[in-house]
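Hi everyone, thanks for coming. I'd like to walk you through the aromatic contacts in one structure, so let's bring it up.

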Amino acid sequence: MSHAETHTAHPLPGDLDEQDYRLPTGGTAGDIARRSRFAWALTGSGHYLQECIALALRLPAVDLFLSAAAEEVLPLYDFRIAELRERCRVFRDKTASSVPVGMLYDDVYHTVIVAPATSNTVAKCAFGISDTLPTNIFAQAGKLEIPGIVLACDMKPVVVTKAPREWVELKPRNIELENVERLRRIDFCEVVESPDELEQRLQRRLDELALTWNASSS
C-alpha cells in the first residue's frame, strides 16, 4: 500500500465510512516530493458544477472533498456519490474538526482546488474562516504552502447560471465582488474566472508536476 493510501486504524463513529474518516499517519509535512494527489473540494454551487466534475475526473490521482451543501446539491444535477466513488475517492463533511484534512500533513496532496466555490465559501476563505471541509482544506493547504486554485462563482456584475430546472440571471452584490478581490490576495491562492481558465491553469500545474490528463475519463 502506498503512502497516499495508508491511514491509522480507528473505530468509525456514527454513519462514517472508511473514506470519511482517514486519520493523519504522522508523515513529515512539507516534503513536496512525497505528495502525489490532487484534492478537489466541491461546495454547494450548481454554477459550473458539471464542468468542474468533468475536469476533476480527468486528473490523475484526484480525491473529492464535499461540503454538506455540495452533498445536497449533487443529486439535483444528477450526480450520485456512489457513482463518483467508482471513479475516485470521496470524503464527506461528517466530522466537526474536518478530520480528512489531516491527510495534508501526511504530504498526500500537492495541489488543492476549490471549484465551483460559492460566494459563502469565497467569503470564508477570504477572511480566514474554516468551518467546512472545503474551507478547512483551503486554509491548511495555504499554511503548508500547497498551491490552491479557486473558481469563484460570483466574479462578474451579471452571472448566468444553470439551476436544476432552468437558467437564471444573477447580479452579484458589491460585497461578493469585493470578497473575490480579497481572496486574490490570500497566500498560495490563485483565482480563476471560468472552467476554460481553470483547465488552462490545471494544464500548467500538470506540466509543473510532469503529469498528464487521464486518457479515459468518460
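Let me start with a question: are Phe65 and Tyr109 buried or exposed? Both are buried, where buried is under 20% relative accessible area, exposed over 50% and partly exposed in between, with a 1.4 Å probe and protein chains only.

Some housekeeping: this is a predicted model, with local features needing pLDDT of at least 70, side-chain atom pairs counting only at pLDDT 80 or more, and totals for chains, interfaces and linings using all residues. Residues are numbered from 1 along each chain as its sequence is written, and side-chain values use heavy atoms, leaving out hydrogens and water.

Searching the whole structure gives 2 aromatic pairs. Rings of Phe, Tyr and Trp (its six-membered ring) pair if their centres lie within 6.5 Å; planes under 30 degrees apart are stacked, over 60 edge-to-face, the rest tilted. Phe65 and Phe91 have ring centres 5.0 Å apart and planes at 25 degrees, so they are stacked. That pair connects strand β2 (residues 62–66) with strand β3 (residues 89–91), 26 residues apart; strands here are DSSP runs of E, at least two residues, numbered from the N terminus.

Phe65 also pairs edge-to-face with Tyr109, at 5.6 Å between centres and 75 degrees between planes. Here the partner sits in strand β4 (residues 109–117), 44 residues apart from Phe65. Together, Phe65, Phe91 and Tyr109 make a cluster linked by ring pairs.

Finally, back in strand β3 we find Arg89, which counts as buried at 6% relative accessibility. Its side chain makes a 2.7 Å polar contact with that of Asp63.

A polar contact is a pair of N or O atoms within 3.5 Å; within protein, one must be able to donate a hydrogen and the other to accept it, and residues adjacent in sequence count only if both atoms are side-chain atoms.

Terms used: Helix = DSSP H or I, 4+ residues; strand = E, 2+ residues; numbered from the N terminus.
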